[in-house]
Amino acid sequence: MQRVCFLLKVRPDRLDEYRERHAAVWPEMLDALRATGWRNYSLFVRDDGLLVGYLETDDFEAALAGMAATGVNARWQAEMAPFFEGLDGRPDEGMMTLTEVFHLG
C-alpha cells in the first residue's frame, strides 16, 4: 500500500465555496474514487488556501490513470480548476506530491 500526500493552493477568495463543494461531492465522483483505488482520502486546508491531500492506494499511478479515464472526473476537474492558484491544467495534474520521510505505524 502507498501513502500519498500532496499539496495544492486554493484561491483564498474561493475557500468558502471550495469547502461547500466538498461538503457535497457528487455521489458518482465518490464511486469513481473508490472504484479506482483511492482509500482513506482526506483533504485539509489552511485559511490562506494551502491544501494538503492524503490518500492510501495500492498503486498511485494506476489510481490517477483510472480516474483520468472517467467522465465524471473530467467534469469535476473542470469545475474545480478555477478554485486553484498556479495551475496550468487540471487540479489532479498539478498535485505536488511529497516524499514520506517518517511513518509511525
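Contact here means heavy atoms within 4.5 Å. The model is a predicted one, in which local features need pLDDT of at least 70, side-chain atom pairs count only at pLDDT 80 or more, and totals for chains, interfaces and linings use all residues. Residues are numbered from 1 along each chain as its sequence is written, and side-chain values use heavy atoms, with hydrogens and water left out.

1. Helix α3. Helices (H or I, at least four residues) and strands (E, at least two) are DSSP runs, numbered from the N terminus. Buried means under 20% relative accessible area, exposed over 50%, and partly exposed in between (1.4 Å probe, protein chains only). In α3 (residues 60-68) the buried residues are F60, A63, L64 and M67. Viewed down the axis of α3, these fall within an arc of 100°, so they line one face of the helix; the arc is that of the directions from the helix axis to the C-beta atoms. The buried residues of α3 pack against β1, α2 (27-35), β3, α4 and β4.

2. Helix α4. V72, N73, W76, Q77 and M80 are the buried residues here. They cover an arc of only 130° around the axis, which puts them on the same side of α4. Their packing partners are α1, α2 and α3. Q77 has a relative accessible area of 7%, and it touches M29, R90, P91 and D92, not counting residues up to four places away in sequence.

3. Helix starts. A polar contact is a pair of N or O atoms within 3.5 Å; within protein, one must be able to donate a hydrogen and the other to accept it, and residues adjacent in sequence count only if both atoms are side-chain atoms. D59 caps the N-terminal end of α3, with a side-chain oxygen 3.1 Å from the backbone nitrogen of E61. At the start of α4, a side-chain oxygen of T70 comes to within 3.2 Å of the backbone nitrogen of N73.

4. The sheet. Two strands pair if DSSP finds at least two bridges between them. Four strands make an open sheet in the order β2-β3-β1-β4, with antiparallel pairing. β2 and β4 stand at the edges with a single partner strand each, so one side of each is left without a neighbour in the sheet. Five bridges join β2 (residues 39-45) to β3 (residues 50-57), and R39 has E56 in β3 as its bridge partner. The hairpin of β2 and β3 has four residues between the strands, and G49 there takes a positive phi near 100°. β1 (residues 2-9) and β4 pair over two bridges; the partner of F6 in β4 is T97.

5. Aromatic residues. Rings of Phe, Tyr and Trp (its six-membered ring) pair if their centres lie within 6.5 Å; planes under 30 degrees apart count as stacked, over 60 as edge-to-face and the rest as tilted. The count comes to six aromatic pairs. The ring centres of Y18 and F84 are 5.6 Å apart and the planes stand at 85°, so this pair is edge-to-face. The pair links distant parts of the chain, 66 residues apart: Y18 is in helix α1 (residues 15-23), F84 in the loop between α4 (71-80) and β4 (96-97). Y18 is buried at 5% relative accessible area, and F84 is buried at 4%. Ring pairs also link F6, W38, Y41 and F60 into a cluster.
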